[in-house]
Structure formats: structure tokens, C-alpha cells
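Welcome to my notebook. I wanted to see how the inside of this protein is put together, so let's open the structure side by side.

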Amino acid sequence: MLHNNFHLSYCTNIHPASGWDSVFETLKQYAPAVKTAVSPDAPFGIGLRISGDESHELLAGDHLPQFKQWLDDNNLYVFTINGFPYGAFHRERVKEDVHTPDWRTQERVDYTVRLVDILAALLPDFEREGSISTSPLSYAKWIDRSDDATWQLLTRNVITVVQRMMAVRAESDMLIHMDLEPEPDGLLQSSTDLVTYFEDWLLKYGAEYLAQENGISEDEARAALLEYVRVCFDTCHVALMYEDPAEVLARYDALGIKVGKVQISSALRVPLPEDAAKRTEIAAALERFSESTYLHQVIEQDAQGELVQYEDLPDALPHIATSEADEWRIHFHVPIQIEEYATFYATQDGILKTFDLLKERPFTRHLEVETYTWEVLPDDIKVGLQESIERELKWVLDVFN
């Protein structure tokens with residue numbers, strides 16, 4: 001929906017569905033009802049998530065025009081797509097495979113190009129800008145950071161998608177950008193990593209490559225790369241890395257990196273007392289968040305501000321009694337309207353700080369609530385799916401005004 005000139009929606013990766021027909025039926029079930037609850041008199045935007053197979057299916061036959069007609073008939077529209085997870089995302093092990101295929105592969109390139117074409121067909125007449133969030137290039141453990149050939153391959157593949165987005169704009173005057181999403185244990189896991197990639201690779205090797213490929217100057221190529229490759233500012237991921245939203249934005253601004261969209265999400269925040277017995281109680285309480293579908297990285301901080309990372313919550317729990325950390329932050333997207341649980345807290349403060357920055361300067365107009373963990377939430381903080389979506393959107397409307 002349009003709220004204070006911002007597009008606000010929720011990411012449909014919260015819905016378990018497999019195959020385009022299933023995705024479409026799920027959208028029919030939930031999207032009109034959510035619109036009635038939160039945006040009864042104005043168009044309501046959808047943050048679409050479709051897998052690699054589903055993107056093929058949507059482009060086949062008359063599926064895409066049928067979907068567009070349904071959107072128009074129901075006063076709905078798509079302005080953003082979550083192109084990070086390629087394969088199945090519910091009810092089976094995802095973990096590090098969420099990065100598969102990564103940006104070394106033609107499969108990832110082709111998938112993202114399909115998403116560009118889908119979004120170009122779905123953007124409404126009143127909004128000519130679309131955003132596609134994507135992975136932080138790869139999972140960090142899969143990449144030799146010292147291998148220049150790998151960085152060159154990653155960059156060339158990104159530029160292939162840039163060229164498609166440039167062609168779409170030339171054909172239709174639609175601006176579609178691809179937004180890299182830093183997250184813990186990704187190849188780009190923080191704002192510093194993303195800026196380093198832009199400085200060392202995208203705006204150097206990448207600009208040279210794009211200039212040669214398109215017959216333009218390197219200055220023109222750099223300007224194009226900063227226009228079409230942006231960042232997905234996920235408030236959960238920023239908080240997990242103990243980054244301050246204002247400092248992150250200043251870091252991006254210094255290099256001219258734009259924010260393509262903000263994903264509104266919240267992580268678990270666990271202050272750790274010195275008492276060993278209390279830490280044992282906390283570990284027992286955290287067991288209910290230790291599940292087998294997603295990676296739940298743990299980043300701990302000590303009194304000196306030093307960070308230690310654990311790949312997943314089960315890896316971290318045995319260390320809770322001996323760790324010298326003052327706090328844990330856990331990559332588990334929890335409902336954004338909840339600030340405090342019975343035992344733990346959330347990183348909601350990072351969302352509110354980001355909203356304040358957006359009010360001062362609208363550095364993006366695309367806002368997407370992304371609490372995808374509904375199915376694996378502990379029962380005591382879970383409500384019905386429809387109610388959960390509506391609560392989060394209404395909370396945003398209440399605090400971001």
C-alpha cells in the first residue's frame with residue numbers, strides 16, 4: 001500500500017507453497033483479505049516471492065497476464081520481489097542451501113533475469129520503479145576470498161543482470177534494480193563487506209567490463225552500476241552485526257550506494273547475566289528456537305565490543321555457560337511488533353531507528369515486512385497466519401506515520 005508516499009507490504013515467503021498454481025491459490029486466499037484489513041480504500045502492494053521453478057511456470061503460457069489481470073481486478077499490485085531463496089523455503093531443510101545456486105552460476109543469473117522480466121510485466125502504471133532483493137553473492141564458507149577469478153566471475157554475472165535491467169529501462173522507462181542483501185555468514189555479511197565489494201570489484205573491474213561490453217565510458221558504467229545495483233537494508237541483519245542504522249547509511253552514502261528497499265524484520269536479543277545458573281536457564285529456554293529448517297546464526301558481543309559468531313543456534317548453546325559475552329543476537333525473525341518476550345528481547349529498536357531515518361530522508365520508498373518464520377515460531381508467540389500478517393502491517397502503520 002502507499003503510506004506517506006512509501007510502498008508498504010509483506011513478503012509472501014511467509015506462505016508455504018510449491019509450484020505456481022499453489023502460490024497463486026495462496027495469494028488468492030490471503031492477499032485480498034489482508035488488503036481489506038489494512039488498505040480497504042487504496043491499492044495494496046504484494047512483496048512477491050517465487051522460486052526458480054515457479055518463475056519458469058509464471059512465464060509459461062498465459063499465467064503472467066492472468067496474474068496481472070487478477071491483481072488489477074482486486075486493486076493489488078507487485079512492486080518488489082524477493083529473489084534471494086531460489087528453491088524450497090518451507091517444511092524441509094533449508095539452512096545454508098538458501099544460497100544455492102549462488103552468483104557463480106548461470107542458474108542464478110537466469111533466474112534473476114526472469115524476475116526482472118516478470119516484475120517489468122507486473123509493475124502498475126502509477127509506480128515505474130521495482131526492486132528485486134538477492135543473495136549476498138554466496139555463502140562465505142564456499143568462497144576463497146583471495147581468488148580474484150571468483151570475484152571477477154561473480155561481478156560479470158551481476159553485470160549480465162544489470163544489462164537486462166538497462167534494456168528494460170530503455171524499452172519501457174521502468175527502473176528495476178537488484179538489491180544485494182548482506183546477512184551473517186554470507187559472502188557479504190555486513191555493510192563494510194558490501195562497501196568493500198563495491199570499491200574493490202563492482203566499481204573497478206565491473207565498471208571496466210560494463211564499459212567494454214556496452215561501448216560506454218567507465219564513468220557512465222559506474223553511474224549505471226550505482227543505479228541498478230543497490231542494497232537490501234534488512235533491519236534484522238543490521239542488528240545482528242551490531243551495526244547502527246545511521247552509520248550504515250552514512251557508509252553507503254559516502255560511496256554513492258543506494259538502498260533499494262528496506263526489509264522490516266526483527267531478531268532475538270538475549271542479554272547474558274554473569275550467573276552460570278541463570279545462563280543455563282536461558283539455554284533451556286532457547287532450545288524452543290532451535291529448529292531444523294533455517295540457519296539461526298548467533299553473534300555474541302563482549303564488554304569490549306568484540307564479536308564471535310556461531311554458524312547455528314545448536315552450535316552456540318554448548319558455549320553459553322563459558323562464554324564471556326554480554327549479549328547474544330540470534331538470526332530468528334520474530335514478529336516485529338513484539339519488543340519483549342517472557343525471557344528475551346527483540347531488536348525492534350533497530351526498526352524504529354530506521355523509521356526515524358526514513359522520516360528524515362526517504363532513502364527508499366520500498367518497505368517490506370519479512371517475518372518468514374511463522375511455521376517454526378514457538379507456539380506461545382504464534383497466532384494465526386492471517387492475524388500475524390495484519391498485526392505486523394498495522395504496527396508499522398501505527399509507528400511509522
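Entry 1: I am working with a predicted model. I picked the second largest cavity, whose volume is about 80 Å³.

**Entry 2: the lining.** I listed the residues around this second largest cavity and got 14, of which Pro182, His237, Val238, Glu243 and Tyr252 are the closest to its centre. Which elements give two or more residues to the lining? I noted strand 7 (229–234), helix 9 (235–240) and helix 10 (245–255). Strand 7 gives the most, with 4 residues. I then sorted the lining of the second largest cavity by class: 8 residues are nonpolar, 4 are polar and 2 are charged.

**Entry 3: the largest nonpolar core.** Next I turned to the cores. The largest nonpolar core has 95 residues, and the members that touch the most others are Phe67, Leu137, Tyr197, Phe198 and Ile264. Helix 4 (residues 106–122) supplies the largest share of this core, 9 residues.

**Entry 4: a look at Leu137.** What is Leu137 in contact with, leaving aside its neighbours within four places in sequence? I wrote down Asp102, Trp103, Trp151, Leu154, Val158, Leu180, Leu187, Leu188 and Tyr197. Tyr197 had already come up in my notes, as it is also among the core members that touch the most others.

**Entry 5: another core.** I also found a second, separate core of 22 residues. Among its members are Ile282, Ala283, Leu313 and Ala346.

Terms used. Residues numbered from 1 in each chain as written. Predicted model: local features only at pLDDT ≥ 70, side-chain atom pairs only at ≥ 80, totals over all residues. Heavy atoms only, no water. Core = buried A, V, L, I, M, F, W, Y, C linked by side-chain atoms within 4.5 Å. Buried < 20%, exposed > 50% of the residue type's maximum accessible area, 1.4 Å probe, protein only. Contact = heavy atoms within 4.5 Å. 1 Å grid on protein atoms, 1.4 Å probe; cavity = no way out; pocket = protein on both sides within 12 Å on 5 of 7 lines; lining within 4 Å. Points joined across faces, edges and corners; volume = space filled by probe spheres on them. Nonpolar A, V, L, I, M, F, W, Y, C, P; charged D, E, K, R; others polar.
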